[in-house]
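These are my notebook entries on a structure that is new to me. I put down what I looked up, one topic at a time.

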Amino acid sequence: MAILSAINGILLISADNKKNSPYKSSSSPLLQSKFFGNPLIKTLPELPSIGRKSVPSAGPRNEVEQDSKEEVGKQPASLSLDDVNPVGLGRKSRQVFDEVWRKFSELGQLSRTPRNDEDYESVLVGGPMCDFTIPGAADTTVLVVGVTSRVGRILVRKLMLRGYKVKALVRKDDPETLELLPRSVKIVVGDVGEPSTVKTAVEGCNKVIYCATARSNITGDLNRVNHLGVYNLSKAFQDYNHKLAQMRAGRSSKSKLLIAKFNRPEALEGWEVQQGTYFTDLVSSNYDGGMDAKFEFTETGNAVFSGYVFTRGGYVELAKKLSLPLGLTLDRYEGLLFSIGGDGKGYIVILEAGPSGDTSQSKLYFARFTTRVGFGRFRIPFSAFRPVKSEDPPLDPFLVHTLRVRFEPRKQKSTVSAKQAVQDTSSFKMILEYIKALPSGQETDFVLVSCTGSGIEPSTREKVLKAKQAGEKTLRISGLGYTIIRPGPLLEEPGGQHALVFDQGNRITQGISCADVADICVKALHDSTARNKSFDVCYEYVAEQGQGLYELVAHLPDKSNNYLTPALSVLEKNT
C-alpha cells in the first residue's frame with residue numbers, strides 16, 4: 001500500500017503539471033492510446049485521490065487551476081496516458097535523485113553553516129547515517145588543533161559524522177570562528193605556543209590530530225606553530241596520561257621507561273669501559289698507537305665517554321648489565337631513545353640477549369646510528385637490531401640483559417668541518433644524558449599533518465620544511481604513538497574521486513583533496529598499521545621514466561572501503 005500511495009502521489013503531481021509539460025498526447029504516436037491497441041491501457045480505471053492535499057504544487061496557480069482544484073476535491077480523478085508520461089516521470093525521478101545525492105555529497109565538502117545539535121543527534125542516533133559510526137568512537141574524544149584550516153574544517157565534520165566527541169583548540173572564539181564549527185564541538189581558547197593553555201586543552205582527550213598551519217612565513221611564526229606547538233601538545237598529552245596513571249596508582253601505557261640517567265656521579269656506577277679487537281694483525285700491532293677510553297663525570301655536570309682507537313681492527317665500548325624495575329621487561333616497549341651530545345661520529349648499540357644466569361648462551365644484536373655535533377635525541381627501534389651471527393633468531397627484547405655502546409674507527413667517514421680541516425676518525429667524545437625505552441601500543445595517539453614541500457614557493461620552502469621536520473622529530477621521540485601525514489599540494493575539491501599514492505622518500509609532486517587528507521586522518525586513529533609511520537600521499541599519477549613504481553591504492557567514497565591498511569602495510573615503520 002505504501003508503494004501504491006507513493007506512485008499515486010507521483011501520478012497526481014504529473015496530472016497537476018501536464019499543462020506545462022512539453023510532451024502532449026498528440027506529439028508522438030507512442031503516447032496515443034490507439035497505438036497500443038490494449039483496452040486495459042486505453043481506458044484506465046479511476047483511482048482514489050490518496051494524499052492529494054499533502055502534495056505541494058509545482059508552481060503558481062491561476063484562477064482556472066484554483067477552480068480545477070476545487071472540482072477535483074469533489075469528483076474522483078480520471079487519469080489518461082498523459083498522466084503517466086514515462087518521459088516526464090523519468091525527469092522527475094532524476095531530479096529527486098540528484099537532489100538527494102547533492103545533499104549527501106555536501107557532507108564531505110566545505111560548509112560554513114553550523115549544524116543544529118538536535119538535527120545532528122537525529123542523524124547519528126538511529127538516523128540514515130548511523131552506519132558511518134565507528135565502534136568505540138562514542139567513548140573517544142579527539143582534540144583537533146587547526147580547526148579553521150582547510151583540512152581542519154572538513155576533519156571536524158567527518159569525526160562527528162562517525163560518532164567521535166570533538167574538542168577544538170582555537171586562538172579566538174569570535175563569531176567568525178564559531179560559524180565554521182558545528183555547535184556540538186567543545187571550544188577551548190588557547191595558543192599552541194603557550195604550554196599553560198595547551199594543558200587545559202588535552203584534558204579529557206584520548207587522541208590528538210594536529211593540522212594547524214602558520215599564518216605567515218616569518219621564521220618565528222613557523223617555528224611557533226610547526227615545532228614548538230607540536231612539542232607543547234605532545235608533552236602536555238604525555239603529562240596528562242601520567243597524571244591519569246598516578247590517579248589509578250599505576251603506570252601510563254604511553255610512558256617511557258628510564259634505563260639510565262647520567263645526572264650525578266653515582267649514576268656512572270655499574271658501567272664498564274671495555275676494549276677488544278675483531279682480529280689480530282701481528283705486523284701492524286708493532287706500529288699502532290694502541291687504544292684507550294674513559295667514562296667520567298666532569299665538573300660541568302656531564303657524563304663523558306671519550307678516548308681513541310689507533311689499533312687496526314680495535315674498538316672500545318661502554319657496557320652495563322641492565323637492572324629494570326620489578327615486573328617490567330623490554331618486550332613491553334618498542335625501542336630505545338638516547339639523548340646524546342655527539343661529535344658527528346658513528347656508534348653501535350649492542351644488545352646481549354639470552355638467559356641471564358648463563359651468559360654463554362647469549363646472542364648479540366647490533367644497530368648503528370650517527371650523531372651530529374651538539375645535543376640530539378636518537379630513536380632506535382628494536383626492529384632495527386640485527387643478529388651478529390646470521391644464523392641467530394631475531395631479537396627478543398624479553399631476553400635482553402646487557403647494553404653496550406661501542407666505538408670503532410673502521411666504520412668512520414672522514415668529514416671536513418668549518419672549525420677543523422679534517423676530523424680525526426680515531427678519536428671520539430660523547431656526552432650521555434639519558435637512555436630510555438619507548439612504549440609500544442596498537443593505535444596512534446597523535447596524528448600530525450605535515451607537508452612534502454611541493455607547491456611551496458622556492459623562497460620560503462627551506463624555512464617551512466625545516467620547521468615541519470623539527471616538529472616531526474619532536475613527535476617521534478615523545479613516546480606517543482604517532483602518524484605523520486605529508487600530503488601534496490592541497491586542492492579544494494570533493495574527496496574520494498581519485499586513486500591515492502602512498503609513498504616514502506619525498507618523491508611525489510601531485511596534489512590531493514583536503515577531504516581525502518581529512519579522511520586519512522580519521523582512518524589512522526584506529527588503524528594499527530598507521531602507528532609510528534610517516535608517509536607522503538597524493539593523487540595517482542604516472543611515474544617518470546626511470547622512477548620506481550609506487551604503491552597505488554584506489555579507493556571509492558564508500559564507508560566500508562578500508563584502503564589505508566593495505567596502503568600502509570608495505571611501508572617502513574618507525575620512520
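I began with terms: two strands pair if DSSP finds at least two bridges between them. Helices (H or I, at least four residues) and strands (E, at least two) are DSSP runs, numbered from the N terminus.

Entry 1, the source. I am working with a predicted model, in which local features need pLDDT of at least 70 and side-chain atom pairs count only at pLDDT 80 or more, while totals for chains, interfaces and linings use all residues. Residues are numbered from 1 along each chain as its sequence is written, and side-chain values use heavy atoms, with hydrogens and water left out.

I found 13 helices and 23 strands in the chain. I took buried to mean under 20% relative accessible area, exposed over 50%, and partly exposed in between, with a 1.4 Å probe and protein chains only. Of the 575 residues in the chain, 44% are buried. I took contact to mean heavy atoms within 4.5 Å. Among the contacts in the chain with a separation of 6 or more, 74% come from residues 24 or more positions apart.

Which strands form it, and in what order? I read six strands in the order E6-E9-E15-E11-E12-E14, with antiparallel pairing. Strand E6 (272-277) and strand E14 (386-387) are at the edges, and each pairs on one side only. For background, I noted that strands of a sheet pair through backbone hydrogen bonds, either parallel or antiparallel.

E6 and E9 run antiparallel and are joined by six bridges, and Val273 stands opposite Leu318 in E9. Strand E9 (residues 314-321) is mostly covered, with six of its eight residues buried. E9 also pairs with strand E15 (residues 400-407), again in the antiparallel sense and over six bridges. Here Lys321 has Thr402 in E15 as its bridge partner. Tyr365 is found opposite Pro387 in E14.

Two packed helices are described by the angle between their axes and the distance between the axes. I took axes as lines fitted to C-alpha atoms, for helices over the stretch in contact, with angles running from 0 to 180 degrees between N-to-C directions. Helix H10 (residues 219-247) packs with helix H11 (residues 458-476) at an angle of about 10 degrees, and their axes are 8 Å apart. Angles under 35 degrees count as roughly parallel, over 145 as roughly antiparallel, 65 to 115 as roughly perpendicular and the rest as oblique. H10 and H11 are therefore roughly parallel to each other.

Rings of Phe, Tyr and Trp (its six-membered ring) pair if their centres lie within 6.5 Å; planes under 30 degrees apart count as stacked, over 60 as edge-to-face and the rest as tilted. I found 16 aromatic pairs in the structure. Tyr210 and Phe446 have ring centres 6.3 Å apart and planes at 25 degrees, so this pair is stacked. Tyr210 lies in strand E4 (residues 207-210) and Phe446 in strand E17 (residues 446-449), so the pair ties together parts that are 236 residues apart in sequence. Both Tyr210 and Phe446 are buried.

Tyr278 and Tyr315 form a tilted pair, 5.0 Å centre to centre and with 45 degrees between the planes. Tyr278 is in the loop between E6 and strand E7 (291-297) and Tyr315 is in strand E9, 37 residues apart. Tyr278 is partly exposed at 33% relative accessible area, whereas Tyr315 is buried at 14%.

Asn532 is not a glycine but has a positive phi of about 55 degrees. Is Asn532 buried or exposed? Asn532 counts as buried, at 1% relative accessibility.
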